[in-house]
Amino acid sequence: MQYTERDAEMFRRTAAAIEAEIGKVIVGQRALIRQTLITLLAGGNALLEGVPGLAKTTLIRTLSDAVDCQFSRIQFTPDLMPADIIGTTIIAEDEQGQKEFRFQRGPIFSNLVLADEINRATPKTQSALLEAMQEHTVSVARTSYKLEEPFFVLATQNPLEMEGTYPLPEAQLDRFFFKINVPFPSPQELVEIAQRTTGTDQAKPQKVINGATLIQLQQMARSVPVATHVLSYAARIISATHPDSALAPEQVKRYVSYGSSPRGMQALILAGKISALLDGRTNVAYRDLRDMATPTLRHRIILSFEGQAEGVNSESIVNSILESIKEEA
């Protein structure tokens, strides 16, 4: 199904309304809000990283206020167990007094799941999210339970150098559509934050859309056409993240051990489609892919020991790739 300029304008207006409601609570952070919204419209999962106190959790809670969906919050701690997330089988009595095994659902059975400080839990507990994030199902005792759509995991984490954290495995990182870095606010934004949060008036976002409408917007985004030369450009970007590729720039060959998986290609194209719609266009341009490359790839590029030792970050690697991969005329 092809969408018209009118459909694209409706998509843009709806997204702008959600951003406006979030902006009632969150000061500044335009890129953070936009990238989180793109993740939502793509039906993906987002990982927000930043030091404590930067309103990561508040952003996700505010987003749940603007979208009329079931919301649940899981606080990750070292003693959290997988059953605390997905649920467990208990012995219960039916109406006739007969005992039976019954599955008691955990907080993962929701539309919007906030996994707060996800890297404070052990790897065993972190892995409890893998199936839900990828297949939107939960398997317990040989039984699979389908999660209700729409379904998203929005996770927050503190920088790994902080005490008491467990690095997320690469397989789980790859299941996040975007990794979004949360910057520290400017002095002007700090003043605005203080004015909003230390007074008597507290802003309350209004509901903008419900789950059914959100699914329609996701389908609309997937229907945006992508020209063959734009797809080729995206494929060359993904290929250039691998050090053994002929397209890899020198910085990738020297500092990268592993590049992006095909999920990175899927996320880059889908993010480019949504970026085009948010700009009021019904076709994907090169600039859409360039704008979305960093949040898409920063967590999918695994640095080598040399890269880590020299303090190279994945953002600089992505920039070197974008500079080396030329657009087709």
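How much space lies in the second largest pocket? About 460 Å³. This is a predicted model, in which local features need pLDDT of at least 70, side-chain atom pairs count only at pLDDT 80 or more, and totals for chains, interfaces and linings use all residues. Residues are numbered from 1 along each chain as its sequence is written, and side-chain values use heavy atoms, with hydrogens and water left out.

Let's start with that pocket. On a 1 Å grid over the protein atoms alone, a pocket is an open set of points with protein on both sides within 12 Å along at least five of seven lines, while a cavity is a set where a 1.4 Å probe fits but cannot get out; lining residues have an atom within 4 Å of a point. A volume is the space filled by probe spheres set on the points, which are joined across faces, edges and corners.

The second largest pocket has 24 lining residues, and Ala42, Gly43, Gly44, Phe177 and Arg222 lie nearest its centre. Domain 1 (5–81 + 107–214) and domain 2 (224–324) each give this lining at least three residues; the domain bounds come from an automatic or database domain assignment.

The structure holds one cavity of 30 Å³ or more, and the largest cavity has a volume of about 30 Å³. Leu40, Val67, Cys69, Asn111, Leu112, Phe152 and Leu214 form the lining of the largest cavity. Of these lining residues, six are nonpolar, one is polar and none is charged (Ala, Val, Leu, Ile, Met, Phe, Trp, Tyr, Cys and Pro count as nonpolar, Asp, Glu, Lys and Arg as charged, and the others, Gly among them, as polar).
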